[in-house]
Amino acid sequence: MKRYREAAEQFEIAGSALGYEGRIGALENLGRTYLQLGDRSAAAKAFLRALDGNRNSIIAHIELVDLLLEQQRVPQAQRLYDETLVLVQGQGISPRLLLQGIKLAAAQNNITTRQQLAQQLLSAYPLSDEAKQLKTWLNNPEAPWK
């Protein structure tokens with residue numbers, strides 16, 4: 001319904017209720033809602049709260065890696081990315097995680113890893129939005145990621 005402000009208020013209430021079983025999910029949704037509203041700082045805080053409550057929150061890990069990359073906080077993003085890979089071990093790696101790995105490798109001038117992950121993304125998920133982003137970036141490496 002795109003009523004993001006109202007949703008944020010409700011997710012904040014649910015995320016603040018310490019005994020509430022769905023608290024971590026509410027905090028993850030709060031972070032995603034703030035992303036919809038364009039409030040990246042508030043989103044990061046919500047995802048950090050989710051991680052404080054459950055260090056295994058894959059959603060919070062993935063979203064925070066993107067936010068840290070946007071801020072060019074590569075070492076922190078790399079640590080969180082590495083934790084994420086451990087959490088998803090055995091589940092298969094998603095196109096989004098592959099693209100995050102490519103961005104991290106590019107930021108660290110790790111050409112071998114970047115090429116390996118790019119090949120993996122393009123062969124496993126050739127029609128994904130992430131593959132399209134990668135192809136756009138490969139055609140113009142000086143352009144920012146979108």
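E83 is partly exposed, at 30% relative accessible area (partly exposed sits between buried, under 20%, and exposed, over 50%, using a 1.4 Å probe and protein chains only). It forms a salt bridge with R55, with the closest N and O atoms 2.9 Å apart (a salt bridge is a side-chain nitrogen of Lys or Arg within 4 Å of a carboxyl oxygen of Asp or Glu). This is a predicted model: local features need pLDDT of at least 70, side-chain atom pairs count only at pLDDT 80 or more, and totals for chains, interfaces and linings use all residues. Residues are numbered from 1 along each chain as its sequence is written, and side-chain values use heavy atoms, leaving out hydrogens and water.

**Salt bridges**
- By this rule, the count comes to 7 salt bridges.
- E12 pairs up with R49 in a salt bridge, the closest N and O atoms being 2.9 Å apart.
- That pair links distant parts of the chain, with E12 in helix α1 and R49 in helix α3, 37 residues apart (helices are DSSP runs of H or I, at least four residues, numbered from the N terminus).
- R32 and E63 also meet in a salt bridge, at 3.7 Å from N to O.
- R32 lies in helix α2 and E63 in helix α4, so this pair ties together parts 31 residues apart in sequence.
- R32, E63, D66 and R96 are linked in a network of salt bridges.

- E63 counts as buried, at 8% relative accessibility.
- R32 is partly exposed, with a relative accessible area of 38%.
- R55 counts as partly exposed too, at 43% relative accessibility.

Note on methods:
Helices (H or I, at least four residues) and strands (E, at least two) are DSSP runs, numbered from the N terminus.
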